[in-house]
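Please find below a short note on the structure, arranged as numbered points.

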Amino acid sequence: MKREVLNYPDKKHLSPKSNPRWGKEEETEIFGQNVKLFRKGKISEDDFRRFRLQHGAYGSRLQQNYSMVRIKIPSGEITPEQLEKIAALSEAFSIGSAHVSTRQNIQLHWVQLEDVSEVMRGLVDVGLTTREACGNTIRNVMCSHFAGVCPDEQFDSTPYAKAIARFFLRNPVCQNLPRKFKINFNCCAQHGLVRIADIGLIPVKKDGINGFKIYLGGGLGAASFIGHQLEEFTSEDRLVSTCMAVVRLFDRLGNRENMARNRMRYLVNEMGWEKFQRMVFKERSSVEMTISLDTLIRYKVDSENPSIRQLSNGKKLPLINEKVDINSDPYKRWLHSNVVSQKQNGYFVVFITLGAGDITSNQLRSLAKTIRDYSGEGCARNTPNQNFAVRFVKSNDLPEFYNGLAKVGLANPGALTMTSTVGCSGTTSCNLAITNSHRLAKEIQSKFIELGLDTEDDLRDSSIKISGCPNSCGQHEIATIGFYGGASRIDGTMTPTYTMLFGGRDGEEGMLGRSVMRVPAKRVIATLIKIIEIYKQERSSNESLAMWIGKLINGVVNGKGQIKNLDDIKTALVQTISLPSPNDDPESYMDYGNDIKFSAKTARGECAA
Amino acid sequence: MCGLKYTVKEKKTKNILSRNHTLSNSQDIITSADILRTLIRRNSVRVVDVRKEDEYKKEHIKTAVSIPLATVLENDSSERIVQLLEQSGISDKTPVVVYDDTFGALAARVAWTFQYVGHSNTSLLELTFAKWKSYGFETEKKINVFPPAKHSLKENKEIYATYDEVERAKSEQNKILVDSRERLNFLSEHIPGATNLPYTMLGTADSILREPQEIKRFMENRGISIDDEVITYCGSVGTLSGLAYYALRMGGVKKIRLYSKSFKEWKKLGKPIEEFKDANFWDLSAE
C-alpha cells in the first residue's frame, strides 16, 4: 500500500513554506522591457550586460542571443512545486533538462534572451529568483545539505543561511561590488565549502550560545586561496554585523580596476591577513554603532525551524549496509553508496545520482513526486556534488523509493563515492571553456559504475572534479583528483588536455590540490584507472585512496612501494598518457563530443560584469 | 479556452456554428471540451480523429471519424483531400473539430490541410485524447460511417508557402520566418534568418495552446507584430509548424503561411543553412 502523510501527522507544519517569495513579479516585467530597449539600441551593450547579469542571465557560449538562466536555491532547499515548475520552464523555454551547479544553483541553458523574462515570471510563481545569481553581487548562499541531520553539527545552520541570503538580496549595500561574493555555511567541520568562500561559516556553540566560526577570503579561481579564521567564536547576534562589515570593506577597498584580481581573496592577500582582520573588527564596531532599524527588520532568522529536524541524536553518518561488490544486487549497491542514516533515529538521507548535474524535465517531475511521497520534511536539497539529497526517508520506504527512481533512470549508484564526478558546463554552454569537461565527467561516471568502483570502500572518500578551464567552477582544486581544461600542442597537433591535481579537500581542513601533470582529454579515464591500479599495489594495509594521495603529495609514503612522491607517479604514468601519432589515431586528438579537429575557442567571460 | 465560462461558451458555440466564417480570432481556432460535448449532443459537428487507425479502433471521442495524419500526407493533392472530406460526410458547411494525442501538432497539420482545400470551418480540440479520456468525457469504440457529402474545392493558397517564397522572405521587409523545432535542433542548423519559437512553448499540460494573451506576449518579446507576414516551418512534414501556425493566428497574426515541406525539403534542395558547431550543447541533455 502506498504510504500516506499519516506517518507524519504534523507534516504540514514541517514543510518549508511553499512560496518563500524570493522573486518579484515587477522584476520580470522590467527585464522584458529592457530586452526590448536593448534590441532597439536604446540601452548600450555594457549597461545591458550588467543589468542582465544582475538578474541572473549569463551569456551563452559564442551566442549572445541566448542565456544561461541561473536559479538561486538559497541553502539548496527546494520544494516539489519548485522542481515541477523548473521542469515545465525547461521544457518550454530551455532544452528540456536542467543542470545542478556546484553552488546549489539550478541552471537552464540556451534560453533565448527574449524568453528570459518568461522564465523569471514562472519562477516568481513558486517563489524563486534569479536576482543576483550572476554579476558583481552576493551569489547564492550555500548551506551543507546535511544541515539539520548531521550527527556532528551543534545546531542547524539552515535558518541562518536563509536569513543572510534574504538580508543581502536586493540590499543596496551589495548591488555593485568590485566583484562577485560568495557565502557558504557548513553544518559541521567536515561538510561544506567553508574554506573556499569569501565568507565561510561553521555553526558552533559556546556556553550554550549559538554562534559561528567564520573564515574569510577563501576562494577558487585562476589563483586560489584558503580562507582565514576571523576569531574563535562569533556569536549569532553579531552574525549580520560581521557579514556587513566584510561586505562593506570589500566594497570600499576591493580592486575595481583589474578584473583578474578583484575578488576579495586578492585584497586579503595583498593587504595581509592581520591587517584585514583588524579592519574587519573596526568596521564591525562602526556597523554595530550605526545599525539601522531597516537592518534589524531585514535580518530575521526564522525560528520556526521544522521540528522534525530536532529529533534525538544518533551516531555518525554510517553506511547503510555491509560490503557490496560489482555482482551485488543493484538495489544493495545503490543502498551502499547513496544512502546514509541521519542523526534522527530511523531516518535516512537518500542521494539521487545525476550525471554532471543534468536532470530531464520528466525526471524532475518524478523526483518531485518521490519527495512528496517519502520525505518527512517535504523538500530536497541540491548538493555541490551536483546531486540531490532527499532527507527524512524511513527505512521501510527505501525499496519503493529505489524502484520508483529506477524507472526513470535516477537510481544510479555511487552518489557518495568518487564515481559521482563533478563537471562544470564546459564547452556545452560556457564562453570561457576550453574543453568539454561536462561530457568527460559523465564518461568517467558511467565507466566507473560499469567497473563497479562505486562498491569499493577504499575509494569512497575520494572525489573527482573537473573544470573546462582554470576558473574552477568545477571546484577541481578541492578534489582528491582534480582536472582543469586547456590546450596543448602534441605531436604538432592542438589537443584538448587537462592539468591533473592531487590532494585537494573540502571542509574546515580544506586544502588546495597540487598540480601533477597534463593529461590529454582522451587519456583521462585510462589515467584514473591506472592511478587506482598503482594505489592498490602500493598502499599500506587499510589506507584509502585519498589518504595515500595525501601522503604522496607530501612525499611521506613509506613501506613496500616504488611510488613515494609526485615525481614517481608522474614517471609511472608517462606510458598511459602518451598518444599514438595523429595520423594513426586522429580521434585521440579531438575532444569528447566532437568529430572535428580541436581548436580552443573562447570569448569574453561574464563572471565579472 | 480552458476557462469554460458560460459567456465564452456561448460565443464559441455561435462562432463555430456560423456559416462561411473565416478564421479570424482565437475562438475559431480552439474548441473547448465543453463546447464539443454540446455540439456532439446536438449532432452538429464532425469530429476528426487523426491518430493511427488502430488507436481509433480501440477507442475514440464519440461520433468521431478516422482520418489519420498519414492518410492526409499520402494523399498529397487537394482533390484527394476533398474526397476524404466527402467520404467522411463533411460538406462545405459542416463544423469540423480535429484532435490527436500528440499535443495538438498532428491535429494542427490536418486542420491546416482542410483549410487549405477550402474547409474554413475547422478548429482544434483544446485537449488531447488522453486528457479527454482522463476527464471521463464521452468515448466509444464504434466505427462511425456517415453518408457521403458534397464538398467544393477552393484552394486557399494564402496559407501555404513554397521554398522559393521562404527564400524571398529573407530579403523582404516585415516577413518573418519562424522555426518551431526544439531549441537544440534549431541551434544545430536552421534556415538563415529564421527565428526560433519552439513548439514546446505553445501549449501547457492542460491545453494544446496557451491563452492568446500569453502567445501575444511571446510574439511581442520576439518583435513579431500582428501585421507581419509570417512563414512557419519545422523538421519534416509541417506538424510542429502547423501548431505554430495556429498559435500565431491566435496571437493575432493576420498573414501566415505554412511551409509544410519544411527543413527536410530545404536541405534536400541544397539551400543554404546556418549551422552552429562551437558548443557541445547536446551533451547537456540528461538522456
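1. The centres of domain 1 of chain A and domain 3 of chain A, taken over C-alpha atoms, are separated by 34 Å. Domain bounds come from an automatic or database domain assignment. For chain A, that assignment gives domain 1 (12-125), domain 2 (157-298) and domain 3 (422-589). Ten residues of domain 1 of chain A are in contact with 13 residues of domain 3 of chain A, where contact means heavy atoms within 4.5 Å.

2. A word on the basis of this note. The model is predicted, so that local features need pLDDT of at least 70 and side-chain atom pairs count only at pLDDT 80 or more, whereas totals for chains, interfaces and linings use all residues. Residues are numbered from 1 along each chain as its sequence is written, chains are lettered from A and ligands numbered from 1 in the order in which they are written, and side-chain values use heavy atoms, with hydrogens and water left out.

3. Chain A contains 17 helices and 21 strands; these are DSSP runs, numbered from the N terminus (helices: H or I, at least four residues; strands: E, at least two). The C-alpha trace of chain A spans about 70 × 60 × 50 Å along its principal axes.

4. Of the 609 residues in chain A, 63% are buried. Here buried means under 20% relative accessible area, exposed over 50%, and partly exposed in between (1.4 Å probe, protein chains only). Among contacts in chain A between residues at least 6 apart in sequence, 70% join residues at least 24 apart.

5. Where in chain A does A:S544 lie? A:S544 is found in the loop between α15 (524-538) and α16 (545-554). The residue is buried, with a relative accessible area of 6%. Apart from neighbours within four places in sequence, A:S544 is in contact with A:D458, A:D461 and A:Y535.

6. The student may now turn to chain B. Chain B has 13 helices and 13 strands, and its C-alpha trace spans about 55 × 40 × 35 Å along the principal axes. A compact globule of 287 residues would have a radius of gyration near 19 Å, and the 19 Å of chain B agrees with this. Of the 287 residues of chain B, 54% count as buried.

7. Chain B is divided into domain 1 (6-156) and domain 2 (160-284). Their contact takes 24 residues from domain 1 of chain B and 20 residues from domain 2 of chain B. The centres of these two domains, taken over C-alpha atoms, are 24 Å apart.

8. How far apart in space are B:D28 and B:T122, C-alpha to C-alpha? The distance is 7.9 Å, although B:D28 and B:T122 are 94 residues apart in sequence. B:D28 belongs to helix α2 (residues 26-29) of chain B and is buried, with a relative accessible area of 6%. For chain B as a whole, residues 24 or more positions apart account for 73% of the contacts with a separation of 6 or more.

Key:
Rg over C-alpha atoms; globule rule 2.2 N^0.38 Å.
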